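This briefing is intended for a reader who has the sequence and the coordinates at hand.

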Protein chains: 2
Amino acid sequence: MPIYNAPTKDLQFVLHDLLNVSEQDIPGFDDLDRDFTGAVIEEAGRIAAEVLHPLNVVGDTEGCTLENGVVRTPTGFKAAFEQMKEGGWTAMDCDPEYGGQGLPYVMHSAAQEPFVSANMAFNMYQGLTHGAYSAIHAHGSDAQKQTYLPKMVTCEWTGTMNLTEPHCGTDLGLMRTKAVPQADGSYKITGQKIFISAGEHDMAENIIHLVLAKIEGGPEGIKGVSLFIVPKFLVNEDGSLGARNGVAVGSIEEKMGIHGNSTCVMNYDDATGYLVGEEHKGMRAMFTMMNEARLGVGLQGYAQAESAYQNAVAYANDRLQGRDVTGPKNPDGPADPLIVHPDIRRNLMDQKSFVEGARAFTLWGAYLIDRAHRNSDKDADGLISLMTPVLKGFLTDKGFEYAIAAQQIYGGHGYIEEWGMSQYARDARIAMIYEGANGVQALDLVGRKLAQDGGKHVMGFFEMVKTFLKENEGNEALKKDFLDPLKAASKDLQAAGMYFMQNATKPNNALSGSYDFMHMMGHVCLGLMWARMAKAAQEALDAGASDKAFYETKIATGRYYMARQLPSTAMHLARINSGGDTVMALDAANF
Amino acid sequence: MPIYNAPTKDLQFVLHDLLNVSEQDIPGFDDLDRDFTGAVIEEAGRIAAEVLHPLNVVGDTEGCTLENGVVRTPTGFKAAFEQMKEGGWTAMDCDPEYGGQGLPYVMHSAAQEPFVSANMAFNMYQGLTHGAYSAIHAHGSDAQKQTYLPKMVTCEWTGTMNLTEPHCGTDLGLMRTKAVPQADGSYKITGQKIFISAGEHDMAENIIHLVLAKIEGGPEGIKGVSLFIVPKFLVNEDGSLGARNGVAVGSIEEKMGIHGNSTCVMNYDDATGYLVGEEHKGMRAMFTMMNEARLGVGLQGYAQAESAYQNAVAYANDRLQGRDVTGPKNPDGPADPLIVHPDIRRNLMDQKSFVEGARAFTLWGAYLIDRAHRNSDKDADGLISLMTPVLKGFLTDKGFEYAIAAQQIYGGHGYIEEWGMSQYARDARIAMIYEGANGVQALDLVGRKLAQDGGKHVMGFFEMVKTFLKENEGNEALKKDFLDPLKAASKDLQAAGMYFMQNATKPNNALSGSYDFMHMMGHVCLGLMWARMAKAAQEALDAGASDKAFYETKIATGRYYMARQLPSTAMHLARINSGGDTVMALDAANF
């Protein structure tokens, strides 16, 4: 049975030592003192460990079942969902006007991590609802907000996002689902949507589907896509539930993982839908909430790696195998624990230094979202827009990679389902795919975000790194282990950016390097986080912090990342600089 | 439904254009002319595609079932196994004295690839038998050989390898299974073995278990381990089957993949066993066949990537999504196929250039085994011994990585079991673990093989690369794209070797870099293969080969590998050079 303990101390370190949240000039942040955030995270961690985590294996083993149009979630999911609702965990950062608690997004994100680590499939029911809530909140009419949001904030009604169709995912312009205007202002929606997470289940009274469809006679392609609310049960004027709408689950998918979440084929057959926002502006409505949704998926990536890591550490301390090459560490036992072996440590340090860096990067991203929204800060908005594909693509690629690495620590037992390590890997795998496959994230980054607003945001990021290096150039404790590697990696990243600029007229050259650039940028971001964390930890030590071991471990972990992960920027640069010719050389027939 | 077509042309290219097998001074190689090897591979490919591949999904979906001590293999497995026996495919490289065909190992390996690509789980029944055959062949008495080998060559009786116990895998010195000598010269074996592939099943009359156990009163630890034959049914003097032996399957494991293979817990309860070779020399007997077994697992790694790649290419050509950034390639269709996009090509070229390089590397390894065995060539023996951990560790890590990459091409469909891409990834995953987890391979390489015979073999390898570079320095067609990158990568590898030598007294420094060194060496080996293949392809083109597209594609694919994969040696070197301090810094309690 896998273990899980919420990393409360580290989440607090990121919020306070690194991001200094309680002293930011952002509305609502003054509430975020150490005691308050600590209490919230501790309670979230308790629920995650005691309620959600034991259901993780149950969800994987039982999966969801469809019978006569009814989807049953795994044993215990419904009761746990009730607990989440009762605790107000679904409403944390939602608008108080609709019953939310109005807390900053960074607080929501910090509290989410334990939930996602403990049971990713379970948490998606709430996560999708939150996404649908955000879209209606940003683009719905007042009447729509009054009708749907209060129930969605509490998760009495859950939500879904319906984008993909059998023949199109990334290229939504190919969409076929049709919307036919009705005399009463509503639409009749007809079509099939696939991969609909939480599309049908037994944990909510109503399900509010957000559906992208094309209004008949509208523009071709992506410019003719509109967004609709299609409730499972129509809602009467008094808020009570009315007739069943023309939407039904066709089947549920057998997937590699996240078995606890019902992934549905949804059939819409003259279903009544209500336009959200303007006609043909559905994609814009989707994009609004994309930064949050993608950051949430990036969080899934590292959160699964965190769970897997915790178990790998426990196993490495427990399992006796071989002897320390420098002399026995457990001389009275038949062998030493795995953790004495350098290659086991190399693996664990890879995991640890990634997860902690990723946590800092993600919460920094959440903080930027708060700054963008609550302070209408355009620079923060531009920066998070630039970072979003990196948060999503890099953290999910690496999160999966390290879930696999953690599984490897277990040897043969890692491959046996009973030990639980396979599930972390299988669950983590989806995060690389959904919410825009990672290749699409790379395309978004290099093809769109780098040049956004005249390249202002990427220049701003480079400036931020430079300023940090400049401000700390006299810090001898940081120089060799942190500042120098960060400088070198940042230089590599700039050189890659330069290559793209020089190849502006040869898009295949730039796009052949997009994936490498995304990873490079991920490393530089984590490198920056680690340099900042090392500085914060050093300051805490200098100030006589009582928990010396924590801060010293933080610095040592950062040193590892800088020495052993950051050098990969040079490899990515070499790949990028080799251009697109070798990538594009073959005729399609010769693959 | 996934597709599979055997890469006959490429296997032939490696055997003849690269390895020039029919002109080697190795007994038996003169049979290997182009027509003969072509006919064998074509027929193997036909069976793989028509018989084994359709059963791959069946095996994954149904799995094996245990009821009342009987394991049932998936529907169709038994009939297919009969076809494999009847075709003589199980006997290809076995000793003619026991009914084998006596073909070189390189021919066996080339014919194995399609079987493994088409259905890895199925092929393991035969693969394990082959391993047990080899151990008895090398170490058994004449009587044992006469009794067991003829039936094992035909797979009428299958074999197993019993090493792992619940508390020990890598560290077999901790083993508890006991062997008690009997008056008649046999032993009574008692203990539990786990992860026994093909431990029990319904496709053979008898199962010959090879079991490691400790003879009571023998030396402690690994030096007290002996090897025993423990047949499921005892064999009478006339060769007929006698009483059921005291060995039984306890349970079968639920695994992440290779569901078609029954992975058993085997319980030995006073089972009659017969010593193979000398007392307490069981590990030596195991090691004899390790090179072949590990090469076979490396082959599994790239063979799964090959299958996944073929499907990814088909999907990328079929699926319409988005437009070529340089202008529509399918202007009359609603969108262009995925394969027009640079990042899709980057991904496919990563896969293709790996698989083809890995194929060459593996068959070169098989050729070295033939040279070592058939010519008693000590240099070849030393070289393959050095290469074995690289073949196993690098090819299975990368094989899995590219099975995941192929799955990624499918977007959301890749995550749905129905499309088959998840199975390739899940099946490929085990190859990184069994037959010595890849971290153990790295330890074997750096901790043992580099220094073997005074470092003679690794120096020989460097010399081989140097000689190739020297011999071809005037070849302008190769210089920039192949020779220069190979030279740089080889220099990185030598620098890493130098670092290890300088740290001979600080084993943690060397071993912290072992995994990186294994990957580095893998890249240099594939780089050498690609340089040689490019040369061979160029010569074929110069000689007016009719299949120009094939050879040109070969060179273009090699160029990709050299430009985009080989530069990772510098990253691995940087990691190695950073030493062991950051790796070993933390107390175990601070992970």
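The points below concern a predicted model and are grouped by topic.

In brief, chain B and chain A bury about 7,500 Å² between them. Over all chains, the structure holds 68 salt bridges.

**Interface of chain B and chain A**

- The contact draws on 92 residues from chain B and 92 residues from chain A.
- Of the roughly 7,500 Å² buried between the two chains, 62% lies on carbon and sulfur atoms.
- B:Tyr415, B:Arg564 and B:Phe591 together supply 13% of the area that chain B buries against chain A, which is more than any other three residues provide.
- Four salt bridges are found across this interface.
- B:Arg564 also pairs with A:Asp516 through a side-chain salt bridge, at 3.6 Å from N to O.
- Between chain B and chain A, 41 residue pairs are in polar contact.
- Sorted by class, the side of chain B that touches chain A comprises 44 nonpolar, 28 polar and 20 charged residues.

**Residues 281-444 of chain A**

- The segment is 73% helix and 0% strand, and its end C-alpha atoms are 20 Å apart.
- A:Asn347 is located in helix 10 (residues 342-374) of chain A.
- With a relative accessible area of 7%, under the 20% limit, A:Asn347 is buried.
- Apart from neighbours within four places in sequence, A:Asn347 is in contact with A:Ala405, A:Gln408 and A:Ile409.
- A:Asp350 and A:Arg346, which form a side-chain salt bridge (3.4 Å, N to O), also lie in helix 10 of chain A, four residues apart, or about one turn of the helix.
- Both A:Asp350 and A:Arg346 are buried.

**The loop holding A:Pro27**

- A:Pro27 sits in the loop between helix 1 (8-18) and helix 2 (34-52) of chain A.
- A:Pro27 is partly exposed, its relative accessible area being 43%.
- Although A:Pro27 and A:His373 are 346 residues apart along the chain, their C-alpha atoms are separated by 9.9 Å.
- Leaving aside neighbours within four places in sequence, A:Pro27 is in contact with A:Arg374 and A:Asn375.

- Helix 19 (residues 568-577) of chain A is largely enclosed by the rest of the structure, because seven of its 10 residues are buried.
- The buried residues of helix 19 of chain A are A:Ser568, A:Thr569, A:Met571, A:His572, A:Leu573, A:Arg575 and A:Ile576.
- Within chain A, the cover over these buried residues includes helix 15 (476-502) and helix 17 (514-542).
- Chain B contributes to that cover as well, through helix 10 (342-374), helix 18 (548-564) and helix 19 (568-577).
- A:Gly579, which follows helix 19 of chain A, has a positive phi, near 80°.

**Further salt bridges**

- In chain A, the side chains of A:Glu50 and A:Arg46 form a salt bridge at 2.9 Å, N to O.
- Because A:Glu50 and A:Arg46 are four residues apart in helix 2 of chain A, they are separated by about one helical turn.
- An α-helix has 3.6 residues a turn, so residues three or four places apart point the same way.
- A:Glu50 counts as exposed at 52% relative accessibility, whereas A:Arg46 is partly exposed at 34%.
- In chain B, B:Asp444 forms a salt bridge with B:Lys449, with the closest N and O atoms 3.0 Å apart.
- B:Asp444 and B:Lys449 are both buried.
- Through shared partners, salt bridges join A:Asp10, A:Glu113, A:Glu306, A:Lys352, A:Glu356, A:Arg359 and A:Lys554 into one network.

Conventions:
Residues numbered from 1 in each chain as written. Chains lettered and ligands numbered in written order. Predicted model: local features only at pLDDT ≥ 70, side-chain atom pairs only at ≥ 80, totals over all residues. Heavy atoms only, no water. Contact = heavy atoms within 4.5 Å. Buried area = accessible area lost by both parts, 1.4 Å probe. Polar contact = N/O pair within 3.5 Å; in protein donor to acceptor, adjacent residues only side chain to side chain. Nonpolar A, V, L, I, M, F, W, Y, C, P; charged D, E, K, R; others polar. Helix = DSSP H or I, 4+ residues; strand = E, 2+ residues; numbered from the N terminus. Buried < 20%, exposed > 50% of the residue type's maximum accessible area, 1.4 Å probe, protein only.
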